[in-house]
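Please open the structure in your viewer and keep the selection tool at hand.

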Protein chains: 2
Amino acid sequence: MKVKISGADYTKFGELWEKSPRTLILEAVKKATEEAKIDISAIEAVYVGNMLSGILGGQEQMGAFITTVLKIKIPALKIEGACASGGLAIHNGVNAILSGQYKKILVVGVEKMTDYKPEEITLGLMGAGADEERQAGATFPGLYALMARAYMEKYRIKEADLAEPAVKNHYHGSLNEKAHFQNRITVEQVLKSSYIARPLKLLDCSPVSDGAAAVILTGVDSSIKLRKGVFIEASETATDTLGLSGRTTLTELPAVQQAQKKAYKKAGILPNDIKVAEVHDCFTIAEIMAMEDLGFCQKGEGANFIKSKATTLGGRGPIINTSGGLKACGHPIGATGVKQIAEIFHQLSNVCGERQVKNAKIGLTHNVGGSGATAVINILKKY
Amino acid sequence: MKVKISGADYTKFGELWEKSPRTLILEAVKKATEEAKIDISAIEAVYVGNMLSGILGGQEQMGAFITTVLKIKIPALKIEGACASGGLAIHNGVNAILSGQYKKILVVGVEKMTDYKPEEITLGLMGAGADEERQAGATFPGLYALMARAYMEKYRIKEADLAEPAVKNHYHGSLNEKAHFQNRITVEQVLKSSYIARPLKLLDCSPVSDGAAAVILTGVDSSIKLRKGVFIEASETATDTLGLSGRTTLTELPAVQQAQKKAYKKAGILPNDIKVAEVHDCFTIAEIMAMEDLGFCQKGEGANFIKSKATTLGGRGPIINTSGGLKACGHPIGATGVKQIAEIFHQLSNVCGERQVKNAKIGLTHNVGGSGATAVINILKKY
């Protein structure tokens with residue numbers, strides 16, 4: 001069995017106070033089913049990526065919640081792994097198809113965040129961390145700031161270097177009408193923005209966003225020799241200690257390295273076969289480390305690699321975060337990993353207009369939970 | 001590929017104020033790995049069933065939480081479907097093995113509930129329901145009370161009939177040293193207990209419990225002809241509307257009927273092949289409806305069937321809830337569906353001592369989320 005993507009899309013991400021989770025889910029699923037040219041009644045199961053519906057909204061059992069919204073009665077369940085929930089939902093959907101259990105699966109990622117008070121959101125997000133971190137009051141910007149400091153010291157980069165992924169991702173976001181932020185920014189603007197957790201400033205951080213994404217996965221018999229379309233070649237995940245205190249390093253994410261090794265091997269490709277990727281840039285330092293952990297450049301070279309414009313549209317590639325990434329497209333937690341698949345699917349389908357990467361045949365998504373405790377790598381290929 | 005259960009067990013369930021989630025997880029996993037005679041380092045992935053760690057404990061990313069507790073670094077994720085979270089974790093573990101992704105999976109179900117205030121627990125559990133129900137203040141006892149009233153009116157049964165499953169399950173629980181309650185009760189005691197939501201009284205309701213359960217699933221090549229041990233023959237799930245208001249009936253759970261049909265078909269058996277089953281008796285009315293929805297007796301006959309002692313140890317069978325069920329063994333939400341598998345595994349392995357069902361070769365677990373929005377049926381067979 002092979003897993004094909006039949007359709008995928010996402011809603012506009014942003015501060016969508018006028019839209020309920022129901023509206024967002026319906027919008028995303030409508031787009032994906034229309035693109036796949038299938039009726040919702042053809043779907044056999046729903047896998048949901050979501051993190052905070054319980055803590056923020058008091059709503060659990062999001063599987064049945066979503067089938068109720070969609071007016072269908074089919075197997076449905078929620079997968080949670082903090083900010084990697086969407087990627088994990090894809091991973092489980094892929095396995096369910098490969099197991100022979102279902103042939104047509106809808107994966108929905110959704111998060112409604114901006115209706116809540118900032119302190120409620122912060123506390124909810126801290127649920128992704130270790131309790132010794134929560135008890136010490138370490139927020140996620142704080143944890144990534146520790147990584148940024150360690151990285152800056154080890155590899156002698158400056159705050160201006162940190163800013164590069166944000167500048168690139170806002171540029172890409174300016175070409176994506178669904179991005180939370182569509183304004184371009186400069187390194188100077190990043191440097192002038194307020195400190196959130198030194199050395200990370202406001203414009204080094206991804207925003208709190210609302211949004212939903214949907215992907216339709218179809219099982220295709222492996223005996224069909226003439227494969228056509230976009231397929232998920234590998235879906236791999238790995239974990240590390242929940243808290244930073246258990247790690248052997250602060251300047252890389254071992255879970256990402258483990259997951260990518262398994263994924264490249266399964267897909268039978270090398271890092272330089274990747275032409276386009278959506279990576280988990282929750283903070284600018286995260287994208288810099290991702291370049292290295294994914295094998296796109298040497299250790300310590302991530303910032304220079306991004307600064308060289310290799311990963312900017314028109315660069316030598318891989319082109320990173322054409323959607324705008326978490327930084328500019330937005331980061332509705334459970335939706336992010338599913339949106340990444342939708343964006344790469346559209347890139348490989350050559351329908352991205354102004355932000356299209358030329359001749360993209362192989363793409364990757366990199367979705368991270370917490371401060372690197374969960375990593376999910378998916379590799380997509382166009383036949 | 002076939003899915004074998006290599007080991008499974010659960011902690012004592014109860015009001016375990018002196019035990020943290022970490023302690024419970026370690027205890028359950030130690031028991032299961034010892035029984036399976038494997039080292040934790042042989043496990044390739046962890047699937048976690050849990051509902052309320054976020055709402056009650058502020059802790060999400062339970063996959064990486066548990067691998068951190070176990071000091072291992074392997075793929076791990078949380079599955080949530082309210083009170084069916086444990087059953088769904090098993091379902092996903094089974095599919096992951098059938099997909100060829102992993103060969104040895106640990107499924108952990110865990111819930112820590114009794115450390116919180118009753119109103120916090122009630123509110124958390126209401127997260128399994130529809131928001132129109134939450135807004136109306138309908139708690140779960142209230143929703144099942146509506147079903148009980150409709151059932152009593154339609155099938156002309158009395159409150160004394162409702163009490164029968166509780167009396168049986170406390171009797172079974174008295175033979176299980178891990179049960180939350182090990183005292184026997186009478187119909188009179190049930191009838192004299194306080195009303196919680198008319199017609200359901202305190203002793204018609206399952207308790208709020210702490211506990212953990214662990215199951216080790218192993219992939220066995222289908223080409224091996226001489227199968228030996230306990231295998232999961234079918235794992236099927238279905239959903240219905242989240243809220244009762246969307247249902248066509250209040251006297252049965254259509255999701256259970258759909259899931260059982262698929263499961264019996266896949267396992268190639270009939271309801272009367274089942275010799276032992278763990279069913280989701282969150283309230284006494286739920287076990288009565290389950291007898292009918294699972295095909296163990298005719299519609300409207302559930303109460304009489306239980307009253308006839310057919311389902312009590314020594315009865316003609318199927319023997320129901322030898323663990324004591326949710327009512328007497330306890331109901332630590334995410335642990336329940338995993339505990340059900342452990343109990344049936346032990347029954348089929350003929351190691352249940354005083355509460356052993358004779359010659360049990362085929363068993364079933366029935367795990368329900370919310371007021372019937374999610375149903376998971378697993379069928380186990382001993383070779």
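Begin with both chains displayed: the area buried between chain B and chain A is about 4100 Å², and carbon and sulfur atoms give 44% of that area. The model is a predicted one.

Next, select the residues in contact. Chain A contributes 53 residues to the contact, and chain B contributes 53 residues.

Turn now to the polar features. Across the interface of chain B and chain A, 32 residue pairs are in polar contact, with both residues at pLDDT 80 or more. To see where the side of chain B that touches chain A comes from, colour chain B by secondary structure: at least two residues each are supplied by α2 (53-57), α3 (62-69), β3 (76-80), α4 (85-98), α6 (131-135), β8 (230-239) and α11 (254-267) of chain B. Among these elements, select α4(B), which gives the most to this side, namely six residues. Colouring by residue class then shows 20 nonpolar, 22 polar and 11 charged residues on the side of chain B that touches chain A.

Finally, select strand β3 (residues 76-80) of chain A together with β3(B). These strands run antiparallel and are joined by three bridges. Within this pairing, centre the view on A:Lys78, which stands opposite B:Glu80 in β3(B).

Technical notes. Residues numbered from 1 in each chain as written. Chains lettered and ligands numbered in written order. Predicted model: local features only at pLDDT ≥ 70, side-chain atom pairs only at ≥ 80, totals over all residues. Heavy atoms only, no water. Contact = heavy atoms within 4.5 Å. Buried area = accessible area lost by both parts, 1.4 Å probe. Polar contact = N/O pair within 3.5 Å; in protein donor to acceptor, adjacent residues only side chain to side chain. Helix = DSSP H or I, 4+ residues; strand = E, 2+ residues; numbered from the N terminus. Nonpolar A, V, L, I, M, F, W, Y, C, P; charged D, E, K, R; others polar. Pairing = 2+ DSSP bridges.
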